[in-house]
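This briefing goes through the sheet, the helices that accompany it, and a few individual loop residues. Please keep the sequence and the model in view while reading.

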Amino acid sequence: MSMCRVTVYAASSQALDGHYISAAHRLGQVLARAGFEIVYGGGAHGLMGAMADAALAEGGEVHGVIPEFLTHVECGHQKLASLEVVPDMHTRKSRMLERSDAVIALPGGCGTFEELFEAMTLKRLGQFLGPIILVNTNRYYDTMMQMLRHSVQERFMNRIHLRMWRLVDEPEQVPDALGEAPKWSASRIKQAAVTGEVS
Ligand code: AMP
């Protein structure tokens with residue numbers, strides 16, 4: 001699969017342990033070195049900032065998309081190839097996904113979860129077809145995965161939906177994971193509904 005542009009979701013928190021910051025930094029490096037163009041939330045702090053700084057230091061092309069109201073409380077990262085200011089959070093999410101070939105999530109809070117769950121939901125409905133890779137630093141996403149498996153067990157989702165994403169332990173595994181992701185087509189919409197038939 002030829003892929004050039006990836007969207008990264010990541011924490012805004014500035015109070016995280018070093019291993020999370022290291023993972024964000026390494027992800028930025030790895031993506032830039034592999035020649036991926038990066039789109040993200042445009043923040044200068046937290047894991048977002050660490051990832052963007054590292055990618056820029058490697059000569060990577062990084063684009064931010066920030067909602068107008070956030071520019072009043074923070075200025076956004078100033079060294080990006082572009083920082084697009086959009087009217088609201090909804091526009092931002094769709095702009096971030098619009099021209100992306102894949103989604104990568106570092107650990108984060110509700111903002112990251114929300115972005116990630118939207119990408120998963122769109123993929124389930126055949127509206128987003130790219131790989132979704134979660135960087136599972138410190139096994140951060142284990143409990144979320146437990147919840148998603150529980151959702152399948154209780155028949156809120158189909159088993160096939162568990163194939164929409166993949167977890168990696170280390171950011172260095174992301175490029176291979178992107179290349180190995182199972183193909184997903186718009187016809188998956190036919191398996192979006194849970195009917196009781198095995199899928
Ligand atoms: P959270 O994980 O709750 O910190 O939210 C981070 C995610 O939400 C990022 O992927 C951003 O797209 C968005 N976001 C939340 N807060 C900010 C912020 N202060 N600056 C930029 N983006 C943010």
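This is a predicted model: local features need pLDDT of at least 70, side-chain atom pairs count only at pLDDT 80 or more; totals for chains, interfaces and linings use all residues.

Residues are numbered from 1 along each chain as its sequence is written, and side-chain values use heavy atoms, with hydrogens and water left out. Helices (H or I, at least four residues) and strands (E, at least two) are DSSP runs, numbered from the N terminus.

**Strand pairing**

- Strands of a sheet pair through backbone hydrogen bonds, either parallel or antiparallel.
- Strand 1 (residues 5-9) pairs in the parallel sense with strand 5 (residues 102-105) over 4 bridges, and strand 1 also pairs with strand 2 in the parallel sense over 4 bridges.
- Within these pairings, V6 stands opposite A102 in strand 5, whereas V8 has I104 as its bridge partner in strand 5 and stands opposite Y40 in strand 2.
- Strand 5 and strand 6 run parallel and are joined by 3 bridges, and I104 has I133 as its bridge partner in strand 6.

**Faces of the strands**

- In a regular strand the side chains alternate between the two faces of the sheet.
- From strand 2, E37 and V39 point one way and I38 and Y40 the other way, and all are buried, where buried means under 20% relative accessible area, exposed over 50% and partly exposed in between, with a 1.4 Å probe and protein chains only.
- Strand 5 is likewise covered on both faces, with A102 and I104 buried on one side and V103 and A105 buried on the other.

**Helices on the sheet**

**Helix 1 against helix 2**

- The axes of helix 1 and helix 2 come within 7 Å and cross at roughly 35 degrees, in a right-handed crossing; a crossing is left-handed if the near helix is turned anticlockwise from the far one by less than a right angle, and right-handed if clockwise.
- On the helix 1 side, Y20, I21, A24, H25, L27, G28, Q29 and A32 meet L47, A50, M51, A54 and A55 of helix 2, contact meaning heavy atoms within 4.5 Å.
- The residues of this contact divide into 10 nonpolar, 3 polar and no charged, with Ala, Val, Leu, Ile, Met, Phe, Trp, Tyr, Cys and Pro counted as nonpolar, Asp, Glu, Lys and Arg as charged, and the others, Gly among them, as polar.

**Helix 4 against helix 5**

- Helix 4 (residues 89-98) and helix 5 (residues 110-124) have axes that come within 11 Å and cross at roughly 60 degrees.
- The two helices are therefore oblique to each other, given that angles under 35 degrees count as roughly parallel, over 145 as roughly antiparallel, 65 to 115 as roughly perpendicular and the rest as oblique.
- Helix 4 passes helix 5 in a right-handed crossing, and R92, K93, M96 and L97 in helix 4 meet E114, E115, E118, A119 and L122 in helix 5.
- The residues of the contact of helix 4 with helix 5 divide into 4 nonpolar, no polar and 5 charged.

**Loop residues**

- P171 lies in the loop between strand 7 and helix 7 (174-180), and P171 is buried, with a relative accessible area of 0%.
- Leaving aside residues up to four places away in sequence, P171 touches A23, R26, L27, V30 and V135, and the C-alpha atoms of P171 and Q29 are separated by 9.2 Å although 142 residues apart along the chain.
- N138, in the loop between strand 6 (132-135) and helix 6 (142-153), has a positive phi of about 60 degrees although N138 is not a glycine.
- R155, in the loop between helix 6 and strand 7, has a positive phi near 65 degrees, again in a residue other than glycine, and R155 counts as exposed at 61% relative accessibility.

How values were computed
Axes are lines fitted to C-alpha atoms, for helices over the stretch in contact, and angles run from 0 to 180 degrees between N-to-C directions. Two strands pair if DSSP finds at least two bridges between them.
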